[in-house]
Amino acid sequence: MTTDALLGISDLPHQLPRFEDIDDDDYAPAIEAAMAEQLAAVAAITADPAAPTFANTLVPLELSGTTLARVLRVFWNKASADANPDIDAVRAAFAPRLAAHSDAILLDPALWTRLQEVYADRAALAPESAYLVERYVTELRLAGAALGEDDKARLRELNERISSQETAFELALQADSNDLAVVVDDPATLDGLTPGELSAAAAAAQARGLDGRHLLTLVLPTAHPHLASLTDRDLRRRLSEAQRSRGSRGGPHDTRATALDILRLRSERARLLGFENHAAAVTADNTAGSPQAVRSLLERLALPAARNARAEQDAMSELAGFPVEPWDWPFYAERVRSARYDVDLAALRPWFEAERVLRDGVFFAAGRLYGLTFEERPDLPGYHPDVRVFEVSRDGTPIGLYLLDLYTRDTKRGGAWMSSFVTQSGLLGIDTSVVVNNLNVPKPAAGEATLLTWDETRTLFHEFGHALHGLLARARFPKFGGTAVFRDFVEYPSQVNEMWVLWPEVLASYAVHHETGEPIPADVVERLRAAETFNEGFATSEYLAAALIDLAWHELGPDEVPTSVEEVAAFEQRALAAAGLDNPAVPPRYSTPYFAHSFSSGYASAYYSYIWSEVLDADTVAWFGANGGLTRENGEAYLRHVIGIGGTRDPLESYEEWRGRPAPIEPLLARRGLV
């Protein structure tokens, strides 16, 4: 066993980790050593007898965590994208220890004193340096640095327990999702799936020793994509019920008690820190500012969204001949879409072949906007055989690597995301970045084309927006590198990148039939655009329902959190009824027992971020449309004011400097059909 590949700086291009040299038993000792190194570095800062300055306090503080960050980036990716029982065990063991490690720094009274002294003299610093001091002081204050020692002791205990329970939630959810995958004995019931989807289901079954059968694996959101195409209503019901029962069946993988415990602990921590509840603590250091501002936006949108959803429901029930249930909605939505607009999204998949979407869509748009080129590097190994590595250059100068991990597997958590292995930093002398996109597309049999759904195509553009943010941001200090921005701002660049999916120049480049080479028909594109607001009542309602559930849970005080798991569903129902979103045919995008965003992945009290960011996004899309669209000049302006600045300044100030005003809400209302 050697930890060199984790602790040392890789000699591969752009410091790409040497994944092939890392064994599962390397992670624990590497994390141990990196934590010890950082604590020693912080101790040296606080022991310095010289008067605190930016140079002897902030600079070494920024340098102190570089090894631990390098190790954890590789570990967290492994734990999310290619886990196994050994990795899960390491994660569970280190969750409370990493929380304690963070507290040892954030709650260090000597460090707090030094930072306050530097803060008092920050006016003489360069802008990014002054902002760094401001952010550290704010974050340490919100983390409890100013508390007394007894309160700090309780805070440390709470943080360790919260971290342990969040990890337990995610591990239980993944296990239950794997257990609840739907086994299909009769292939006739799979009518409606494409050959690629059928081969993926057969391969998934074979991987579990279920030869001759098919396995429909579960995805993170409530509505499984297969519900739109499966003609067998009973199989749709089985699949929908499997999705919705995750984490709530009793037994070892029931997540409800864990979720309630997390809520009580978070709420107690918020009170200890001087906030009314966890939602107030979270929004205090985001662009929203308060839970009241968040609730105001969500409730403003809820009633018109619910109204539109009911109209959509009536149309589908009329077509079906019976009241539609949750497992019917996606299926009949496509039939109504086809009848009204002559658009069948499932039939468009031959035009969304993954390789064309990637190279001639995603990469093409990035090239036109930012001068980026992408060269595949098969000589650089990824962490799994499915991972592809591309070297990214800007106007001929390499700026980093882009890794793509497209396919689903039992060892990968659900959903889609972007993360980083290496982040550019002037202080560290790192000029390039290494980012990865993870999706969960079913993998067809060897030799068959990977045909993406419309949603998967949009998701690839979305996640690549995060990747662009990570690749193009430039900062001196590690704290501000890449996507290190406020949680309710980070989704803005990714949502903007979705606009290019249907942009005429981009669509013409990638939407080519994978067999015939024929471009997607122009009349189909026009109908697709005409149908853009179709089913937005459902889409907006299911999202708002999840965001309001997340907010409502985290507005509770410690004594208000239910004590019985049987109360979880009733609490959700009351929260939705209060907002007018209690439509049984439109379940929340995520429900508490499988709400990973809220209970295990950093979006607690912040799932509102997507719609909050969409106000900026919709305004930006309108700006691109009014200023010539896909041009290098537009890309440079957007880069200069949004994705190029990382976390180096207040993002709303930069946005308003660019646009000359705050973002209005009207473009969002129009996009979602809520005018």
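I began with a working cut-off: a residue is buried when its relative accessible area is under 20%. The model I was browsing is predicted.

**Entry 1: strand 7**

I then looked up its partners. Strand 7 pairs with strand 5 in the parallel sense, over 7 bridges. Here Leu403 stands opposite Val436. On strand 6, Ser420 stands opposite Val435, and 5 bridges join these two antiparallel strands.

At the strand 3 end, I found 5 bridges to strand 4 (residues 388–394), in the antiparallel sense. Phe374 has Val392 of strand 4 as its bridge partner.

**Entry 2: the cores**

I looked for the largest nonpolar core and got a set of 86 residues, in which Tyr370 and Tyr402 have the most contacts. Helix 15 (residues 354–370) gives the most to this core, with 10 residues. Apart from it lies another core, of 54 residues, including Val282, Ala306, Leu551 and Ala575. In soluble globular proteins, nonpolar side chains tend to be buried together.

I clicked on Tyr402 to see what it touches. Beyond its neighbours within four places in sequence, Tyr402 is in contact with a list of residues, among them Leu358, Phe363, Arg388, Val392, Val435, Asn437 and Phe464.

**Entry 3: aromatic rings**

How many aromatic pairs are there? The count comes to 41. I opened two of them.

Phe19 and Phe421 have ring centres 5.2 Å apart and planes at 70°, so this pair is edge-to-face. Phe19 lies in the loop between helix 1 (4–7) and helix 2 (27–47) and Phe421 in strand 6, so the pair ties together parts that are 402 residues apart in sequence. Both Phe19 and Phe421 are buried.

Tyr590 and Tyr607 are also edge-to-face, because their ring centres are 5.7 Å apart and their planes are at 80°. I placed Tyr590 in the loop between helix 21 (568–579) and helix 22 (596–599), and Tyr607, 17 residues away, in the loop between helix 22 and helix 23 (609–626). Tyr590 counts as buried at 4% relative accessibility, and Tyr607 is buried too, with a relative accessible area of 3%.

I also noted a cluster linked by ring pairs: Phe489, Tyr492, Trp500, Trp503, Trp623, Phe624, Tyr638, Tyr655 and Trp658.

Which charged residues lie over a ring face? I noted Arg413 over Trp417, at 3.9 Å from the ring centre, and Lys479 over Tyr136, at 4.5 Å from the ring centre.

Most residues other than glycine have a negative phi.

Are they buried or exposed? Asp395, in the loop between strand 4 and strand 5, is exposed, with a relative accessible area of 51%. Asn535, in the loop between helix 19 (522–530) and helix 20 (536–554), is buried, with a relative accessible area of 13%.

**Entry 4: His226**

My last stop was His226, in the loop between strand 2 (214–216) and helix 10 (233–245). At 8% relative accessibility, His226 counts as buried. Not counting residues up to four places away in sequence, His226 touches Leu193, Glu197, Leu216 and Leu239. I also checked Thr453: from His226 it is 227 residues away in sequence, with a C-alpha to C-alpha distance of 9.9 Å.

How values were computed:
Residues numbered from 1 in each chain as written. Heavy atoms only, no water. Pairing = 2+ DSSP bridges. Helix = DSSP H or I, 4+ residues; strand = E, 2+ residues; numbered from the N terminus. Core = buried A, V, L, I, M, F, W, Y, C linked by side-chain atoms within 4.5 Å. Buried < 20%, exposed > 50% of the residue type's maximum accessible area, 1.4 Å probe, protein only. Contact = heavy atoms within 4.5 Å. Phe/Tyr/Trp six-rings, centres within 6.5 Å; stacked < 30°, edge-to-face > 60°. Lys NZ or Arg CZ within 6 Å of the ring centre and 35° of its normal.
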